[in-house]
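I'd like to walk you through one structure, so let me put it up on the screen.

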Amino acid sequence: MKSSIRTDTFLPHPLQKVWRALVDPGLLSRWLMPNDFQPRVGHRFTFRTDPVPGAGFNGVIQCEVLALDPPRLLSISWATTGGIDTTVTWRLAPEGKGTRLFLVHQGFDDTDPQQQAAQRTLDSGWRSSMARRLEDLLAALE
């Protein structure tokens, strides 16, 4: 059976500004990871981070832009050498003077202990450090 990470974050910033932080490769690298992203459906790219040899992770996440509906939806594949083959989707909605950012990271095999561990790690990252880094970046862009 497959499981998902779901987050719902209010950002006190306009929709276009949040969208820019998701699709501008330079800004994306500042809050998420170094990358060679291009906002174009079908574009294959990588994120790079620190390897975790004990988990069989080489630090490279292979991705492809699956869906793009500016400024409201970005969906990418997310695959690693550690056996993770998932999808990350960000959906944005204006809310008052800010933006509601919904994230769904889906496709984890909940019968695989390695994927369960990866899901726990990623869940924590999306909810805490990545959310905080995105908010810090948006505040700095004022």
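Let me start with helix H3, which makes the biggest contribution to the lining of the largest pocket: ten residues. One caveat before I go on: this is a predicted model.

So, what is the volume of that largest pocket? It comes to about 570 Å³. In total, 22 residues line the pocket. If you want to find its centre on the screen, look for Val-52, Phe-57, Ala-118, Thr-121 and Leu-122, the lining residues that lie nearest to it.

Which elements supply at least two residues each to this lining? They are strand E4, residues 73–80, and helix H3, residues 113–140.

Now let's turn to helix H1, which packs against H3. The angle between the two is about 120°, and their axes are 11 Å apart. That angle makes H1 oblique to H3. As for handedness, the crossing of H1 past H3 is right-handed.

Last point: is H1 largely enclosed or open? The helix covers residues 15–23, and seven of those nine residues are buried, so H1 is largely enclosed by the rest of the structure. Here buried means under 20% relative accessible area. If you'd like to pick them out, the buried ones in H1 are Leu-15, Lys-17, Val-18, Trp-19, Ala-21, Leu-22 and Val-23. You'll notice that a lysine, Lys-17, is among them.

How values were computed. Residues are numbered from 1 along each chain as its sequence is written. This is a predicted model: local features need pLDDT of at least 70, side-chain atom pairs count only at pLDDT 80 or more; totals for chains, interfaces and linings use all residues. Side-chain values use heavy atoms; hydrogens and water are left out. Buried means under 20% relative accessible area, exposed over 50%, partly exposed in between (1.4 Å probe, protein chains only). Helices (H or I, at least four residues) and strands (E, at least two) are DSSP runs, numbered from the N terminus. On a 1 Å grid over the protein atoms alone, a cavity is a set of points where a 1.4 Å probe fits but cannot get out, and a pocket is an open set with protein on both sides within 12 Å along at least five of seven lines; lining residues have an atom within 4 Å of a point. Grid points are joined across faces, edges and corners, and a volume is the space filled by probe spheres set on the points. Axes are lines fitted to C-alpha atoms, for helices over the stretch in contact, and angles run from 0 to 180 degrees between N-to-C directions. Angles under 35 degrees count as roughly parallel, over 145 as roughly antiparallel, 65 to 115 as roughly perpendicular and the rest as oblique. A crossing is left-handed if the near helix is turned anticlockwise from the far one by less than a right angle, and right-handed if clockwise.
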